[in-house]
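Biologist: Could you take me through the sheet in this model, and then whatever is packed around it? I'd like a close look at that one part, with the cut-offs spelled out.

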Amino acid sequence: MTDFNSAEFNEFINSLNLKYFKPYEFLIMGSRHNDPNSPCRGKNTLPPRDLWANIIETARVLDMFRARIAAPVRISNAYRSPAYNRCIGGATSSMHMKFNALDFSVEGMSRPSDWARLLRSMRDDEGRFSGGVGLYSTFVHLDTRGTNADW
């Protein structure tokens, strides 16, 4: 995307004062975007400027989660362009297309169900956010859509 301003994005993310995450981590484009054998190769884009603010709360929740889990967290998917989302079979109303969702794994900890349980406790028991927590075999999805959803 030719109009993406890296310096401005870096300044934006740095202004959130996250303890554990750097700007480049929010620009992960997904494994199939870079896979030379995937029909989805090259279909993703960097997040449009008008969507940047949508990631603020999700980023802050993941930063709180990282502090509690006390292990490195690796973001595997952030923004998805509509074309990339369609290509990989994402939900038609995916929060990734709004730059409001992150998929992640925790290094050295192989139980995504534990990560999802902690996030759901932060949401349901502590009221830290409203949003979705999706449990998958190797990662967890987090978004701050404003209504609670689990899958």
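Modeller: Before going on, the model is a predicted one, so local features need pLDDT of at least 70 and side-chain atom pairs count only at pLDDT 80 or more, while totals for chains, interfaces and linings use all residues. Residues are numbered from 1 along each chain as its sequence is written, and side-chain values use heavy atoms, with hydrogens and water left out. Helices (H or I, at least four residues) and strands (E, at least two) are DSSP runs numbered from the N terminus, and two strands pair if DSSP finds at least two bridges between them.

Leu-135 has Val-140 in E4 as its bridge partner, and Val-133 stands opposite Leu-142 in E4. E4 also pairs with E2 in the antiparallel sense, over four bridges; here Val-140 is the bridge partner of Phe-104.

E4 is covered on both faces: Val-140 and Leu-142 on one side, and His-141 and Asp-143 on the other, are all buried (buried is under 20% relative accessible area, exposed over 50%, partly exposed in between, using a 1.4 Å probe and protein chains only).

Axes are lines fitted to C-alpha atoms, for helices over the stretch in contact, and angles run from 0 to 180 degrees between N-to-C directions.

The axes of H3 and H5 come within 11 Å and cross at roughly 120°. That makes H3 oblique to H5 (under 35 degrees is roughly parallel, over 145 roughly antiparallel, 65 to 115 roughly perpendicular, and the rest oblique). H3 passes H5 in a right-handed crossing, where right-handed means that the near helix is turned clockwise from the far one by less than a right angle, and left-handed anticlockwise. Val-61, Met-64, Phe-65, Arg-68 and Ile-69 of H3 make the contact with Trp-115, Leu-118, Leu-119 and Met-122 of H5.

Asn-100 sits in the loop between H4 and E2 and is buried, at a relative accessible area of 9%. Leaving aside neighbours within four places in sequence, Asn-100 is in contact with residues including Leu-142 and Asp-143, and also Asn-54, Ile-55 and Thr-58. The side chain of Asn-100 reaches the backbone oxygen of Asn-54 at 2.9 Å. That's a polar contact: a pair of N or O atoms within 3.5 Å, where within protein one must be able to donate a hydrogen and the other to accept it, and residues adjacent in sequence count only if both atoms are side-chain atoms.

Definitions and conventions
Contact means heavy atoms within 4.5 Å.
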